[in-house]
Amino acid sequence: MLDRAVTEEFLDCKFEELELEIPKDISKGQLVETFCQYVEDDYYEWLKDNFKSFFEHGEPDWEWIREKVRA
C-alpha cells in the first residue's frame, strides 16, 4: 500500500512542474486516493506477471534463483 502523504508530496511536485491545477470539484484528498488506487492496481498486476516469470509459471529453476540470491 502506497504512503498517501508521500504520494501527495509527489503529486504536488509534479503538478507544480507541469503548472497543473486540480479542478475545483475534485479535492486533493480524493485525487491522492484515486491515484494511489490506480497505481496499486497496476502494481499488483505487475507483481503477478513478474511472479510468473521469476518462478517459470510454477516450474522454478532453483539453480538460477540460487545464483540470483548469491549475487
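## Nonpolar surface patch

Tyr43, Trp46 and Leu47 make up a nonpolar surface patch, with about 340 Å² of accessible area together. Patch members have over 30% relative accessible area and no salt bridge; nonpolar side chains (Val, Leu, Ile, Met, Phe, Trp, Tyr) are joined within 5 Å, like charges within 9 Å. Areas follow the Shrake-Rupley method with a 1.4 Å probe, and for residues only the protein chains shown count as cover.

The model is predicted: local features need pLDDT of at least 70, side-chain atom pairs count only at pLDDT 80 or more, and totals for chains, interfaces and linings use all residues. Residues are numbered from 1 along each chain as its sequence is written, and side-chain values use heavy atoms, without hydrogens and water.

Leucine 47 sits in helix α2 (residues 28-54). Helices here are DSSP runs of H or I, at least four residues, numbered from the N terminus. Leucine 47 is partly exposed at 36% relative accessible area. The class limits are under 20% for buried and over 50% for exposed, with partly exposed in between.

## Aromatic pairs

The structure holds 5 aromatic pairs. The ring centres of tyrosine 43 and tryptophan 46 are 5.8 Å apart and the planes meet at 20°, so this pair is stacked. Pairing requires centres within 6.5 Å; planes under 30 degrees apart are stacked, over 60 edge-to-face, the rest tilted. Tyrosine 43 and tryptophan 46 are 3 residues apart in helix α2, so about one helical turn separates them. Tyrosine 43 is partly exposed at 47%, and tryptophan 46 is partly exposed at 49%.

Phenylalanine 54 and phenylalanine 55 pair edge-to-face, 4.8 Å centre to centre with 75° between the planes. Phenylalanine 54 has a relative accessible area of 32%; phenylalanine 55 has 23%. One aromatic cluster takes in Phe51, Phe54, Phe55, Trp62 and Trp64.

## Salt bridges

Side chains of opposite charge can pair when their charged atoms come close. The criterion is a side-chain nitrogen of Lys or Arg within 4 Å of a carboxyl oxygen of Asp or Glu. The count comes to 8 salt bridges. Glutamate 33 and arginine 4 form one, at 2.9 Å from N to O. Glutamate 33 lies in helix α2 and arginine 4 in helix α1 (residues 4-18), so the pair ties together parts 29 residues apart in sequence.

Glutamate 45 bridges to lysine 48, with the closest N and O atoms 3.1 Å apart. Arginine 70 and glutamate 63 meet at 4.0 Å, N to O. Arginine 70 is exposed at 59%, whereas glutamate 63 is partly exposed at 41%. Shared partners join Arg4, Glu33 and Glu40 into one salt-bridge network.

Definitions and conventions: Helices (H or I, at least four residues) and strands (E, at least two) are DSSP runs, numbered from the N terminus. Buried means under 20% relative accessible area, exposed over 50%, partly exposed in between (1.4 Å probe, protein chains only). Rings of Phe, Tyr and Trp (its six-membered ring) pair if their centres lie within 6.5 Å; planes under 30 degrees apart count as stacked, over 60 as edge-to-face and the rest as tilted.
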